[in-house]
Amino acid sequence: MLPITRSVDPIDREVTYTPPKGPSDPRHFLQGKYENDDINGEWLSGFFDKDSFIETLGGWARTVVTGRARLGGIPMGVIAVETRTVEHVIPADPANASSEEQILVEAGGVWYPNSAYKTAQAINDFNKGEQLPLIIFANWRGFSGGQRDMYNEVLKFGSHIVDALSNYKQPAFVYIVPNGELRGGAWVVLDPTINSDMMEMYADSKARAGVLEPEGIVEIKFRKPHLLAAMERLDDTYRNLKQQLKNPDLATEQRAEMSLQLDQREKELLPVYSQIAVHFADLHDTPGRMKAKGTIREILEWKNSRKYFYWRVLRRVHEERWLAEVKSTNENLTREDCKAYLQQWFCQDTQSEPEKWNASDDGVSTWLSQSTDTISEHLKELRKAFVTKQVVDLAKSDRSGVLSGFIETFNTLTTEERELLLLKLSN
């Protein structure tokens with residue numbers, strides 16, 4: 001089990017620091033900060049327990065922030081995004097007299113070859129070395145696609161992220177932060193379908209996500225001909241001018257004047273319709289639409305996210321432990337079968353409706369953590385039923401072999417066990 005400790009930071013407190021729209025330091029929403037950076041100012045709490053976040057590899061690939069932290073005493077691996085512009089310094093080669101130091105500017109919210117490799121490396125460290133649950137605070141616009149980045153194998157390092165997540169054996173959570181967005185290839189490598197057993201995606205109510213940004217969708221789906229068709233459908237003045245121009249008996253002077261009026265009307269309406277189209281495309285990127293399409297599990301409010309994730313992570317950690325125990329009793333059980341047994345035992349022991357299993361993370365996590373003896377008894381019964389079925393199946397196929405095995409087993413029993421067995425057989 002993870003070394004879960006008692007947290008001095010209240011579990012149900014609100015997260016009072018909210019990431020602003022635009023460039024900001026992601027460490028502030030992870031660990032909190034003082035208002036206006038004044039130590040005498042008000043403390044704005046972050047997502048994790050105060051003073052628990054420890055950054056690792058901070059000087060390398062600085063567009064990604066990785067580290068460890070505790071959430072209500074639960075140790076977790078953390079990956080966040082640097083939204084500010086950073087400088088990537090490539091030192092001069094001492095063995096080459098003509099070599100010079102290079103300083104490259106890297107935009108925030110973008111995966112570069114070095115930061116993609118750092119992300120994959122951190123995920124592998126959390127998984128194989130420490131077996132920590134993982135949370136990724138997503139706010140990426142995609143991968144850098146410049147020629148230099150392609151030469152530096154950005155696609156290969158991006159695929160390493162997919163490999164690391166597909167092999168992750170602990171619960172992993174992707175949370176699109178408030179005022180954040182998830183676009184392009186970044187959506188592809190973080191999609192929960194990569195590892196549906198372990199990964200879950202959530203979005204803040206103020207977040208946006210979609211492969212293309214609204215402006216890009218408009219350039220494809222709502223080009224000028226589509227906007228003009230919308231004008232003709234919705235604007236009476238524009239529609240009347242178009243219909244009058246179709247009259248073959250119209251005089252040349254009148255036709256020229258109406259054409260000018262039509263062009264003028266287009267110039268007046270086109271900016272408005274372009275904004276409407278962008279807003280319409282943006283509505284397809286809202287958390288509500290993501291939830292309706294099943295791409296995220298829940299829509300969260302940032303201030304309450306700490307409490308929600310504490311119970312969700314705690315439930316998943318204990319759940320994975322017991323699922324492994326159920327699986328060990330019978331290797332033929334699928335993951336869904338193991339979950340069904342846990343749900344059945346929970347409803348039976350707590351006298352709850354089946355809906356509570358999915359609706360109450362705090363109730364389920366409390367039962368999973370405090371009912372060790374009860375669940376162990378259920379496991380014994382499950383194992384007993386499995387062994388009994390195996391013996392019966394063997395007896396049907398090879399009775400002499402089963403009888404021979406029974407005699408050898410009988411000879412290993414104690415006197416008390418023999419008497420009890422003979423009594424049961426005689427009855």
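Select strand 11 and strand 13 (residues 298–300): 3 bridges join them, and they run parallel. Strands here are DSSP runs of E, at least two residues long, and helices are runs of H or I, at least four long, both numbered from the N terminus. Two strands pair if DSSP finds at least two bridges between them. Pick Tyr202: its bridge partner in strand 13 is Glu298.

Before moving on, note that this is a predicted model, where local features need pLDDT of at least 70, side-chain atom pairs count only at pLDDT 80 or more, and totals for chains, interfaces and linings use all residues. Residues are numbered from 1 along each chain as its sequence is written, and side-chain values use heavy atoms, with hydrogens and water left out.

Phe173 stands opposite Glu200 of strand 11.

Stay on strand 11 (residues 199–204) and show its side chains. Of its 6 residues, 6 are buried (under 20% relative accessible area; exposed is over 50%, partly exposed in between; 1.4 Å probe, protein chains only). Met199, Met201 and Ala203 point one way. Glu200, Tyr202 and Asp204 point the other way.

Next, the aromatic rings. The whole structure holds 25 aromatic pairs. Rings of Phe, Tyr and Trp (its six-membered ring) pair if their centres lie within 6.5 Å; planes under 30 degrees apart are stacked, over 60 edge-to-face, the rest tilted.

Select Phe47 and Trp302. Their centres are 6.0 Å apart and their planes at 25°, so the pair is stacked. Phe47 sits in the loop between strand 2 (43–44) and strand 3 (54–56), and Trp302 in the loop between strand 13 and helix 11 (305–329), so the pair ties together parts that are 255 residues apart in sequence. How accessible is Phe47? Its relative accessibility is 0%, so Phe47 counts as buried. Trp302, at 4%, is buried too.

Go to Tyr310 and Trp311. The ring centres are 5.0 Å apart with planes at 75°, so this pair is edge-to-face. Tyr310 is buried at 9%, while Trp311 is partly exposed at 24%.

Finish with two charges over rings (NZ of Lys or CZ of Arg within 6 Å of the ring centre and within 35 degrees of the ring normal). Lys50 has its charged end over the ring of Trp43, 4.5 Å from the centre. Arg315 has its charged end over the ring of Trp357, 4.8 Å from the centre.
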